[in-house]
Amino acid sequence: MRTVAPSLFHAFDAQNPHVYRALERMAARRLAVGATRVSLKDLFEDLRRQLPYGVAGLNNNFTALYARQLIAEHPHWASAFELRRRRAD
């Protein structure tokens, strides 16, 4: 798996705050109905299907960074996401 420079992620996130909010809502919904695990890759694919023209620049390499952001803001969700050690920051 390739790592992505955090600066690219932060630039994308700053320009597309609706992406994080959508991922946050989607994760909350899944957890509310009893899911114990949430896959950010699945959420990305769902998001791509929901948005009429997708999101330009939504890079699959951002999934780990979004998972970490969700856990940072919702520490009680930590067990729902599998995190691996990052190779580079």
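At 18% relative accessibility, Asp-46 counts as buried. Here buried means under 20% relative accessible area, exposed means over 50%, and partly exposed lies in between, with a 1.4 Å probe and protein chains only. This is a predicted model, in which local features need pLDDT of at least 70 and side-chain atom pairs count only at pLDDT 80 or more, while totals for chains, interfaces and linings use all residues. Residues are numbered from 1 along each chain as its sequence is written, and side-chain values use heavy atoms, with hydrogens and water left out.

Which residue does Asp-46 pair with in a salt bridge, at 2.1 Å between the closest N and O atoms? The partner is Arg-30. A salt bridge is a side-chain nitrogen of Lys or Arg within 4 Å of a carboxyl oxygen of Asp or Glu. Asp-46 sits in helix α3 (residues 40-50) and Arg-30 in helix α2, so the pair ties together parts that are 16 residues apart in sequence. Arg-30 is partly exposed, at a relative accessible area of 25%.

Asp-46 also forms a salt bridge with Arg-49, where the closest N and O atoms are 2.3 Å apart. Arg-49 and Asp-46 are three residues apart in helix α3, so about one helical turn separates them. An α-helix has 3.6 residues a turn, so residues three or four places apart point the same way. Arg-49 is exposed, with a relative accessible area of 60%. Together, Arg-30, Asp-46 and Arg-49 are linked in a network of salt bridges.

The structure holds four salt bridges. One of them joins the side chains of Arg-37 and Glu-82, at 3.7 Å from N to O. This pair links distant parts of the chain: Arg-37 is in the loop between α2 and α3, Glu-82 is in the segment after α4 (63-73), and they are 45 residues apart. Arg-37 counts as partly exposed, at 45% relative accessibility. Glu-82 counts as exposed, at 53%.

Now step back to the whole chain. It has four helices and zero strands. From the N terminus on, the elements run α-α-α-α. Helices (H or I, at least four residues) and strands (E, at least two) are DSSP runs, numbered from the N terminus.

How do the helices α1 and α2 pack? Two packed helices are described by the angle between their axes and the distance between the axes. Helix α1 (residues 6-15) and helix α2 (residues 17-32) pack at about 85°, with their axes 4 Å apart. Axes are lines fitted to C-alpha atoms, for helices over the stretch in contact, and angles run from 0 to 180 degrees between N-to-C directions. α1 and α2 are therefore roughly perpendicular to each other, a term for angles of 65 to 115 degrees. Phe-12, Asp-13, Ala-14 and Gln-15 of α1 make the contact with Pro-17, Val-19 and Tyr-20 of α2. Contact means heavy atoms within 4.5 Å.

Helix α4 comes next. Its buried residues are Thr-63, Leu-65, Tyr-66, Ala-67, Gln-69, Leu-70 and Ile-71. What covers them includes α1, α2 and α3.

Some totals complete the picture. Buried residues make up 36% of the 89 residues in the chain. Among contacts between residues at least 6 apart in sequence, 59% join residues at least 24 apart.

Definitions and conventions:
Parallel < 35°, antiparallel > 145°, perpendicular 65-115°, else oblique.
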